[in-house]
Amino acid sequence: MRQIDHFISGGSGGAATRLGDVFDPNNGSVQAQVALGDQAVLDRAVAAAQNAQPAWAATNPQRRARVMFNFKALVESRMDELAHVLSAEHGKVIADSKGDIQRGLEVVEFCCGIPHVLKGEYTQGAGPGIDVYSMRQPIGIGAGITPFNFPGMIPLWMGAVATSVGNAFILKPSERDPSLPVRLAELFLEAGMPAGIFQVVHGDKAMVDAILDHPAIGAVSFVGSSDIAHYVYNRGVAAGKRVQAMGGAKNHGIVMPDADLDQVVNDLCGAAFGSAGERCMALPVVVPVGDDTAERLKAKLIPAIHALKVGVSTDTSAHYGPVVTQAHKEKIEDWIARCIEEGGEMIVDGRGFTLQGHEKGFFVGPTLIDHVTAEMDSYHNEIFGPVLQMVRAKDFEEALSLPSKHQYGNGVAIFTRNGHAAREFAARVNVGMVGINVPIPVPVAYHSFGGWKRSGFGDTNQHGMEGIKFWTKVKTVTARWPDGSPDGTNAFVIPTMG
Ligand code: NAD
């Protein structure tokens with residue numbers, strides 16, 4: 001059986017003592033095994049990073065940028081191959097895999113301009129003869145711990161920024177779809193990045209704990225579910241590291257009575273069900289304002305949901321593919337059952353969905369549940385599947401309060417033609433990323449990505465200037481150069497050669 005190995009110092013990581021199964025979500029079989037590393041594996045990666053990082057940090061930033069340009073070109077030239085590698089383990093359709101990789105490449109594009117953002121600040125004459133300047137220097141060795149749902153984009157959110165500013169970066173990707181991150185590391189090497197600067201160690205909790213406790217790792221960026229994010233944040237900070245930890249989400253789409261409902265339905269089909277709902281910026285809660293809006297929306301939504309095609313990840317006509325594991329499929333179906341027990345009204349039931357010829361695949365049909373309320377556990381918790389819950393609000397204030405009071409605060413969207421309502425909503429909602437008639441408001445790479453409340457622990461976001469801040473330390477120099485010549489005559493002396 002194929003074995004997925006670590007990528008340390010430009011090569012494989014050696015014999016594995018523990019292995020984990022990697023499934024093919026399309027048919028439920030085990031397609032590969034991934035090495036699950038331990039402290040010894042991490043120590044080897046850290047030693048390689050320590051060896052390579054000082055020279056990489058001393059390389060001028062335009063040369064590091066050139067590696068980013070090369071990497072971008074390499075990934076683009078292999079986009080089809082990489083998207084298939086991703087889809088085969090994750091289950092998302094090929095178009096979504098290309099989108100996943102493309103969003104990561106946009107961060108690489110941002111990093112192609114790294115010389116510009118590292119220029120620092122300068123004040124001439126802060127005192128008599130005194131100038132002050134600041135520079136951003138790399139942390140040294142940083143680590144990234146990433147979730148299964150964006151195995152292309154999220155490693156690049158972290159790894160491209162971390163390395164382009166001069167750090168060595170050690171990635172611990174999800175053990176559920178670990179192949180693409182290794183391919184990315186290989187391509188960084190091919191693009192001209194020295195061995196030891198972008199490495200991959202696989203593993204589970206044991207590897208995560210080893211990273212959090214390792215004294216040579218100065219910064220850890222985590223993306224995953226909230227309980228783990230909170231744990232990673234606390235343990236990493238206690239070990240004296242800089243930590244940012246992005247968590248789960250339950251994003252709401254507010255639909256005002258004046259919204260363009262055809263557009264909303266189209267957007268919801270993509271944002272609630274696309275990628276089987278396994279996106280932290282999915283819209284799993286729709287909040288129509290007023291019963292009339294709810295009824296009109298539902299009438300348009302039901303046929304659109306029935307028209308969605310669920311298929312294998314290579315089916316180019318499918319809207320979405322299987323979820324990542326059998327355990328996750330069962331969890332989603334349990335939450336659907338729970339929501340109905342709690343009083344939700346089943347409108348479209350996606351449980352028990354099977355695809356002919358792929359009966360053991362991890363498929364869940366699109367599900368719509370109406371009359372969900374803020375008191376339900378199934379509303380409070382992240383389901384992370386193709387499930388849309390409708391929570392009716394009587395007015396704008398109630399609609400505003402739902403995402404604002406929810407434990408998660410990653411993204412939110414409002415659909416309206418009323419500029420005042422949209423402006424008021426964006427200003428007052430207690431959520432980190434807001435879309436106005438944009439269902440999945442993922443900021444572009446030169447802005448920053450991050451949620452509030454239990455969607456994000458730590459105080460810096462991903463990529464953009466926030467990413468640069470996270471992966472660098474500021475050093476500030478206050479300099480005074482004496483006036484006059486060393487012999488005290490005050491004659492202005494220009495040193496001469498020879
Ligand atoms: P997860 O929390 O299970 O895993 C994330 C990482 O943590 C993986 O690398 C995993 O190996 C590691 N991990 C798992 N259990 C651990 C433990 N007990 N101790 C230490 N490490 C552990 O998340 P997932 O299921 O891979 O991804 C889905 C979750 O990620 C969802 O909650 C989703 O909302 C969230 N997510 C958030 C964002 C964001 O930016 N806020 C983006 C993408 C995904």
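**View 1. The ligand sits in the largest pocket.** This is a predicted model, in which local features need pLDDT of at least 70 and side-chain atom pairs count only at pLDDT 80 or more, while totals for chains, interfaces and linings use all residues. Residues are numbered from 1 along each chain as its sequence is written, and side-chain values use heavy atoms, with hydrogens and water left out. A pocket is an open set of points on a 1 Å grid over the protein atoms alone where a 1.4 Å probe fits, with protein on both sides within 12 Å along at least five of seven lines; a molecule sits in it if more than half of its atoms lie within 2 Å of its grid points.

**View 2. The shell around the ligand.** Among the 30 residues around the ligand (a heavy atom within 4 Å), Lys-172, Glu-175, Ser-225, Gly-247 and Glu-382 come nearest. Domain 1 (2-247 + 455-478) and domain 2 (252-436) both contribute to this shell, so the ligand lies between them; the bounds come from an automatic or database domain assignment.

View 3. A polar side-chain atom of Glu-382 is 2.5 Å from a ligand oxygen atom. At Gly-247, a polar backbone atom lies 2.7 Å from a nitrogen atom of the ligand. For Phe-148, a backbone N or O atom is 3.0 Å from an oxygen atom of the ligand.

Note on methods:
A polar contact is a pair of N or O atoms within 3.5 Å; within protein, one must be able to donate a hydrogen and the other to accept it, and residues adjacent in sequence count only if both atoms are side-chain atoms. On a 1 Å grid over the protein atoms alone, a cavity is a set of points where a 1.4 Å probe fits but cannot get out, and a pocket is an open set with protein on both sides within 12 Å along at least five of seven lines; lining residues have an atom within 4 Å of a point.
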